[in-house]
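Subject: Structure handover

Hello,

Here is the structure I promised you. Please open it and keep it beside this email while you read.

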Amino acid sequence: MNSTIVPRKIEIGGKGQVKKLTLGGSSPILLQTMWKESLLGADLNYIAKSLNEFEQLGCDLVRFAVPDMDSAEQFVKLTRLTPMPLVADIHFDYKLALRCMDGDTAKIRINPGNIGSKERTQAVIQKAKDTGTVIRIGVNSGSLPSALKKQIEEMKVKQNLSMDKKAFEDEISALRAGALTEAAAQELEIFEKANFKNAVVSMKASNVWETVRANEIFAKKFDNPLHLGVTEAGPLIQGIVKSTIAFYRLLEQNIGSTIRVSLSDSCENEIIAGREILAECGKRQGGIRLVSCPRCGRKGFDVQGFVKRWQTKLLSEKKDISIAVMGCVVNGPGEGKHADLGVTGAEDSVIIFKHGEIIKRLDLKNLTEEEKIEAVDKAFNEELQSL
Ligand code: SF4
């Protein structure tokens, strides 16, 4: 039986020209990434253009690190240059949060534990109320309150005396997950007492099961929407694997209102990974579904090269269609026929299928590599545009 609480609905964005979204309730799960560069001295128009491309790929929210007042000034300006709802990520200095809320800011992410006195948190809450800004209370396993850390250390010593290694590690992971939830609950109390309703919570650990457990415990007790993420998840492959496992486990229990796949890689790959996870978990519909074969030693055409050239463009298309890209005739015609648009290699030629019918056969025999690419891309693009 699913005993998680349906998260409360919160409106986000909508100031100035910023897009208005809802999170929580039965709203679609929002997809987030985080800008990888400093805002200091950055070309804001270039960033705004990139945010537009992120939106095309399916991104709903973008977070920026705001470590100093100059970055806060840049952030405020940026909020007025883009319809993308922006999130300011603030640590230590509450004045940065106050300044960021002067812009068309959608959300502030703070860790009240490192902001200092309760009065400072109160000042942030008051301004968020006045400006209609959402606050994400972010708790990471690396920044637990010292009392909870001490408790864990004491338990570790006690348990290590009598348990085998695996049971011991499981127990510690459960303890840390409980401590993460406890830390979030303690912070949340300040917001609830101030009658602040627009609080989103995140509890992140770099350990998948700790993240899963903490969110499961929280979702049974509180109705604040949860932002999901596995912190410092790692490079592209490791990060996607960890995030997929954690998110699948949580999303299937209807836990999570926003997600970010944290990667030591590009924002675009974070977005693409996130949207694929949401689509495979049945949480996001529409857009192009891309099927491609892994390619092998059989003579055909360069599937990887084609997918690399086309992936970003295809994933930015709003068409609700399937596309199959296959290397040779072993599986190519079968997949090609099932897709709305299919491309398959066949010895020295390439066949293009549309709605199950062969509509083009390109003879590439006497062409250079560049000419082959040009011929395939041109024919494919013509058919894509006509769908
Ligand atoms: S479709 Fe052909 S090229 Fe692609 S993996 Fe299958 S057999 Fe290999």
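Which backbone oxygen does the side chain of Thr181 reach? The side chain of Thr181 reaches the backbone oxygen of Ala214, at 3.4 Å. This is a polar contact, meaning a pair of N or O atoms within 3.5 Å; within protein, one must be able to donate a hydrogen and the other to accept it, and residues adjacent in sequence count only if both atoms are side-chain atoms.

Some ground rules. This is a predicted model, where local features need pLDDT of at least 70, side-chain atom pairs count only at pLDDT 80 or more, and totals for chains, interfaces and linings use all residues. Residues are numbered from 1 along each chain as its sequence is written, and side-chain values use heavy atoms, with hydrogens and water left out.

Back to Thr181. Thr181 sits in helix H6, residues 165-193. (Helices are DSSP runs of H or I, at least four residues, numbered from the N terminus.) Thr181 counts as buried because its relative accessibility is 4%, and buried means under 20% relative accessible area (1.4 Å probe, protein chains only). Beyond residues up to four places away in sequence, Thr181 touches Met203, Ala214, Ile217 and Phe218. Contact here means heavy atoms within 4.5 Å.

Next, helices H7 and H8. H7 covers residues 208-221 and H8 covers residues 236-251. Their axes come within 9 Å and cross at roughly 20 degrees. (Axes are lines fitted to C-alpha atoms over the stretch in contact; angles run from 0 to 180 degrees between N-to-C directions.) H7 and H8 are therefore roughly parallel, the term for angles under 35 degrees. On the H7 side, the contact uses Val208, Trp209, Val212, Asn215 and Glu216. On the H8 side are Lys242, Ile245, Ala246, Arg249 and Leu250.

Now H1 and H2. H1 runs over residues 44-57 and H2 over residues 69-79. Their axes come within 10 Å and cross at roughly 50 degrees. Leu44, Ile47 and Ala48 of H1 meet Gln74, Lys77 and Leu78 of H2.

Gln74 is buried, with a relative accessible area of 13%. Its side chain reaches the backbone oxygen of Leu39 at 2.7 Å. Leaving aside neighbours within four places in sequence, Gln74 is in contact with Leu39, Leu40, Gly41, Ala42 and Leu44.

Best wishes

Key: Helices (H or I, at least four residues) and strands (E, at least two) are DSSP runs, numbered from the N terminus. Angles under 35 degrees count as roughly parallel, over 145 as roughly antiparallel, 65 to 115 as roughly perpendicular and the rest as oblique. Buried means under 20% relative accessible area, exposed over 50%, partly exposed in between (1.4 Å probe, protein chains only).
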